[in-house]
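Work through the two exercises below with the sequence and the model in view, and try each task before you read its solution.

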Amino acid sequence: METQMFLKFIFFSSTLFLLCAFATATDVQYCNKKADYDVEVKGVEIIPNPVTRGQPATFSIAATTGQELSGGKIIIDVSYFGWHIHSETHDLCGETTCPISIGDFVIAHSQVLPGYTPPGSYTLKMRIYDGGKHELSCITFGFDIGVGSSFSSSSSVADS
């Protein structure tokens, strides 16, 4: 009897966890909806969401592949109100563990956005390439930067 209750609890907890994860998931679109990409992106998680200026933000991309990958690069382009404002390139193995085995893997990137970054809605385009410069995947998704303070609170001499 206790085993059944424990199993029901585990099932309920797992279901609740998955529902919460999907409720906060970011909407992801493929750049070319007709393409048959070698890397399939399952979802994107942004912590915190919205991103806070001057504070660390982590972008985690859950993906799967049908082939082993020994390296490559990630190219990220960011747009603000449709205007391209930033590009950066990262080594794939610097953002995940290589070699990447067949199956599921996660690409994670953490970054502190400057305190002067304007709040609002942004679009991120991420392209993944293998070592032979073959495009493995291309996705876009939106994210928000909040209006939260970019300065840490500290007491001054006048407060004493």
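Strands are DSSP runs of E with at least two residues, and helices are runs of H or I with at least four, numbered from the N terminus; two strands pair if DSSP finds at least two bridges between them. The model is a predicted one, in which local features need pLDDT of at least 70 and side-chain atom pairs count only at pLDDT 80 or more, while totals for chains, interfaces and linings use all residues. Residues are numbered from 1 along each chain as its sequence is written, and side-chain values use heavy atoms, with hydrogens and water left out.

**Exercise 1.** Find which residue in E6 stands opposite alanine 62.

Step 1: Strand E3 covers residues 56–65, and its pairing with E6 is antiparallel, over 10 bridges.

Step 2: Within E6, the residue opposite alanine 62 is valine 106.

Step 3: To place this pairing, note that the open sheet has three strands in the order E2-E3-E6, with strand E2 (39–47) and strand E6 (103–112) as the edges, each pairing on one side only.

**Exercise 2.** Describe how the rings of tyrosine 122 and phenylalanine 143 are arranged.

Step 1: Rings of Phe, Tyr and Trp (its six-membered ring) pair if their centres lie within 6.5 Å, and planes under 30 degrees apart count as stacked, over 60 as edge-to-face and the rest as tilted.

Step 2: Because tyrosine 122 lies in strand E7 (residues 120–130) and phenylalanine 143 in strand E8 (residues 135–145), the pair ties together parts 21 residues apart in sequence.
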